[in-house]
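This report describes the sheets, helices, salt bridges and nonpolar cores of one protein model, in that order of topic. Please keep the sequence and the structure in view while reading.

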Amino acid sequence: MWRVVGLNAYSAVENMAIDDAIAECVASGLSPPTMRFYRWLAPGAVSIGRFQNARDEIDVDACRRLGIDIVRRRTGGGAVFHNGEITYSVAAPERCFPSGIRESYREICSYIIRGLSYLGIKADFRPINDVIVNGKKISGSAQTRRNGVLLQHGTILYRLDRQTMFTVLKPSKLKLSDKPASSFEAGIASVKELTGASIEQLYDALLRGFTEGKEWRLGALTENELAFTKAIIKKYDSYEWNFSR
């Protein structure tokens, strides 16, 4: 049976440490397959992929000036500005999903597409890990597999603060070249712009989309997960982890 940890807001380092703790407890058999929904404390944060160089991807000085936290994820993928969105994580034994990377992205992204449909939004999967609406990206995801566990993070854009987003991020020429929109800024969309739905309505729709057809229950973090989070939070808050590459 799946456990769903409901929507809550944490700091950047707490969010990454919690997801790491859940994945490790799933790998140890201490926790069930888990879906978690969360937000980021204001004024937001930037997360970078496991193998990225922070200074290549983001304006570190601008982040510090605006009070925006910087954290490296355990998963791969690109830099993401977290503000005005709902983030999800899925941590489960690999056997719960197709063995192929693209197929597993497609399956989890189908939960997002189904959830958005309940708000009247017709979305599509764009390989390898995006969900798009009319050619514009509304959701992106990143994945890693370790100790037999698949961990996938992703965001669903609720509202956009384009000015801050493109102050703190440095979209690469590669990103610009492989998107159908004429510019990276024009190539993104948000739920609020498309429907006017509240963020509570978005959460309800996503919860329905992720859990439909599954046995599941709402649950809180366990004592083991909280202890593991406390033990590893310093790593996610350290200069060595976030800026060593």
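## Terms and basis

The model is a predicted one, in which local features need pLDDT of at least 70 and side-chain atom pairs count only at pLDDT 80 or more, while totals for chains, interfaces and linings use all residues. Residues are numbered from 1 along each chain as its sequence is written, and side-chain values use heavy atoms, with hydrogens and water left out.

## The three-stranded sheet

Strand β3 (residues 45-48) pairs with β5 in the antiparallel sense over 3 bridges, and within this pairing Val-46 has Phe-81 of β5 as its bridge partner. These strands belong to an open sheet of 3 strands with mixed pairing, in the order β4-β3-β5. Its edges are formed by β4 (69-72) and β5 (80-82), each of which pairs on one side only.

Neighbouring strands of this sheet are turned against each other by 25 degrees on average, direction ignored; for this and the later angles, axes are lines fitted to C-alpha atoms, for helices over the stretch in contact, and angles run from 0 to 180 degrees between N-to-C directions. Helix α1 packs on the sheet and touches β3 and β4, contact meaning heavy atoms within 4.5 Å. The direction of α1 makes about 20 degrees with that of β4.

## Salt bridges

Across the whole structure, 12 salt bridges are found, each being a side-chain nitrogen of Lys or Arg within 4 Å of a carboxyl oxygen of Asp or Glu. One of them joins Glu-225 to Arg-3, with the closest N and O atoms 2.5 Å apart. Glu-225 lies in helix α9 (residues 223-236) and Arg-3 in strand β1, so the pair ties together parts that are 222 residues apart in sequence. Both Glu-225 and Arg-3 are buried, where buried means under 20% relative accessible area, exposed over 50% and partly exposed in between (1.4 Å probe, protein chains only).

Glu-94 and Arg-145 meet in another salt bridge, at 3.3 Å from N to O, which links the loop between β6 and α4 with strand β9 over 51 residues. Glu-94 is partly exposed at 28% relative accessible area, and Arg-145 is partly exposed at 23%. Asp-130 and Arg-126, whose closest N and O atoms are 3.4 Å apart, are both buried. Shared partners also join Asp-20, Glu-24, Arg-74, Arg-146 and Lys-235 into one salt-bridge network.

## Nonpolar cores

The largest nonpolar core has 32 residues, of which Phe-37, Leu-116, Val-191 and Phe-210 touch the most other members; such a core is a set of buried Ala, Val, Leu, Ile, Met, Phe, Trp, Tyr and Cys residues joined through side-chain atoms within 4.5 Å. Two or more residues each come from β1, β2, β6, α4, β8, β10 and α8 (199-211). Leaving out residues up to four places away in sequence, Leu-116 touches Ile-121, Ala-123, Val-131, Ile-138, Ile-156, Val-191 and Leu-202. A second, separate core of 19 residues includes Ile-48, Ile-68, Ile-70 and Leu-157.

Terms used:
Helix = DSSP H or I, 4+ residues; strand = E, 2+ residues; numbered from the N terminus. Pairing = 2+ DSSP bridges.
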